[in-house]
Amino acid sequence: MMKIALSIALAGLLTACASKDTKTDTPVADRSTAVAPTTTPNTSGTTTPATNPNIAGNPLRDPSNILSKRSVFFEFDSNAVKDEYRGMVQAHSKYMADKRDSKIRIEGNCDERGSREYNIALGQRRAESVKKVMTVLGVGEARIETVSYGEEKPMSPGHDEPAWSQNRRADIKYAGE
């Protein structure tokens, strides 16, 4: 029943956000002036690329792109995806819709509190929650794998609330990375 209510609420939200405005083409004037590139001789004997080749052209590695953010953090003992992470999950869903051959693994994690068995189950519920949001947004279930690491892969090794809040998460990992 909860799943159906969540699906209906999310579908209603997406429908409400749909834009019906049509954009008209606006003429664009080219105000740039042609400037010949200046070249200076390289006296050091080494070359340095202007951009990092690992970032150029790959939105998943561009730190200024929302797709470089991969962790969804949760409240204590909760598997509800918070509103602040919905935009990030939507961006990943849209990226996967555009890249039909992409596949991901969602890794659920927990803090150290609770039994090992409970944390494995909670980590799985967290991964499944993120997967459910993405499937509602149109990503095929077969393209998303979920796994739980429970408390085995902490992001922060501390034993206090700031560390625990970093460990209560689901990480999105793309295949081939």
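Across which strands does helix H2 lie?

**View 1. Helix H2 on the sheet of this predicted model.** Helix H2 (residues 86-98) lies across E1, E2 and E4 and runs at about 20 degrees to E4. Helices (H or I, at least four residues) and strands (E, at least two) are DSSP runs, numbered from the N terminus. Angles run from 0 to 180 degrees between N-to-C directions, with axes fitted as lines to C-alpha atoms, for helices over the stretch in contact. Residues are numbered from 1 along each chain as its sequence is written. Local features need pLDDT of at least 70 and side-chain atom pairs pLDDT 80 or more, whereas totals for chains, interfaces and linings use all residues; side-chain values use heavy atoms, without hydrogens and water.

**View 2. The open sheet.** The sheet has 4 strands in the order E1-E4-E2-E3, with mixed pairing. Strand E1 (71-73) and strand E3 (144-150) are at the edges with a single partner strand each, so one side of each has no neighbour in the sheet. From one strand to the next, the twist averages 20 degrees. Strands E2 (residues 104-109) and E4 (residues 169-174) pair in the antiparallel sense over 5 bridges; two strands count as paired if DSSP finds at least two bridges between them. Ile106 has Ile172 in E4 as its bridge partner. Helix H3 packs on this sheet, touching E1, E2, E3 and E4, and its direction makes about 155 degrees with that of E3.

**View 3. Helix H3 (residues 116-136).** Buried means under 20% relative accessible area, exposed over 50%, and partly exposed in between (1.4 Å probe, protein chains only). Just after H3, Gly138 takes a positive phi of about 110 degrees.

**View 4. Ser71 in strand E1.** Ser71 counts as buried because its relative accessibility is 16%. The side chains of Ser71 and Asp171 are joined by a polar contact of 2.6 Å (a pair of N or O atoms within 3.5 Å; within protein, one must be able to donate a hydrogen and the other to accept it, and residues adjacent in sequence count only if both atoms are side-chain atoms). Beyond its neighbours within four places in sequence, Ser71 is in contact (heavy atoms within 4.5 Å) with Tyr85, Met88, Met155, Arg169, Ala170 and Asp171.

Notes:
Expected span 1.5 Å × (residues − 1).
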